[in-house]
Amino acid sequence: MTMLLAAAAVFVGCFCATVSGFGFALISTPLLSLILSPKEAIILLPILTVVLRVVTMYRVRHQFDFKLLRTIMIGWVVGVIPGSYVLYFLTVKQLQIFFLQ
């Protein structure tokens, strides 16, 4: 049942991202945090985001600006590395306080 609810939360996030062009993590993070622990949701979402973006990039590959991708990837690495360390050292209770749960 948990997996079904998690899949539904991801589907809703994917739907919003498809319709508006953004919002996957914005919608999926709170929904998955209700189903899974916040730490599990935060670990799972970047993986799902990469999958979603790779599929999207494949579909629009002929219209894609690879210089922009390089700039985005640099920013992603700069954000993900410190964010991963913070996630590693924070407890679930600290994350819940941060997310106001």
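In helix α3, the buried residues (under 20% relative accessible area, with a 1.4 Å probe and protein chains only) are Pro38, Ala41, Leu45 and Leu52. The model is a predicted one, in which local features need pLDDT of at least 70 and side-chain atom pairs count only at pLDDT 80 or more, while totals for chains, interfaces and linings use all residues. Residues are numbered from 1 along each chain as its sequence is written, and side-chain values use heavy atoms, with hydrogens and water left out.

Helix α3 covers residues 38-59, 22 residues in total. From its first C-alpha to its last α3 reaches 31 Å, close to the expected 32 Å; the expected span is 1.5 Å times one less than the number of residues. The buried residues of α3 pack against α1 (2-20), α2 (24-35) and α5 (92-98). Helices here are DSSP runs of H or I with at least four residues, and strands are runs of E with at least two, numbered from the N terminus.

Two packed helices are described by the angle between their axes and the distance between the axes. For α2 and α3, the axes come within 9 Å and cross at roughly 145 degrees. Axes are lines fitted to C-alpha atoms, for helices over the stretch in contact, and angles run from 0 to 180 degrees between N-to-C directions. On the α2 side, the contact (heavy atoms within 4.5 Å) is made by Phe24, Ser28, Thr29, Leu32 and Ser33. The α3 side supplies Pro38, Ala41, Leu44, Leu45, Leu48, Thr49 and Leu52. By class, this contact has eight nonpolar, four polar and no charged residues; Ala, Val, Leu, Ile, Met, Phe, Trp, Tyr, Cys and Pro count as nonpolar, Asp, Glu, Lys and Arg as charged, and the others, Gly among them, as polar.

The largest nonpolar core has 10 residues: Ala6, Ala9, Val10, Ala17, Phe24, Leu32, Leu36, Ala41, Leu45 and Leu52. Such a core is a set of buried Ala, Val, Leu, Ile, Met, Phe, Trp, Tyr and Cys residues joined through side-chain atoms within 4.5 Å. Helices α1, α2 and α3 each supply at least two residues of this core, and α1 gives the most, with four. Leaving aside neighbours within four places in sequence, Ala6 is in contact with Leu32 and Ile35.

The chain as a whole has five helices and zero strands. Its C-alpha atoms fill a box of roughly 45 × 30 × 20 Å along the principal axes. Of the 101 residues, 18% count as buried.

Note on methods. Buried means under 20% relative accessible area, exposed over 50%, partly exposed in between (1.4 Å probe, protein chains only).
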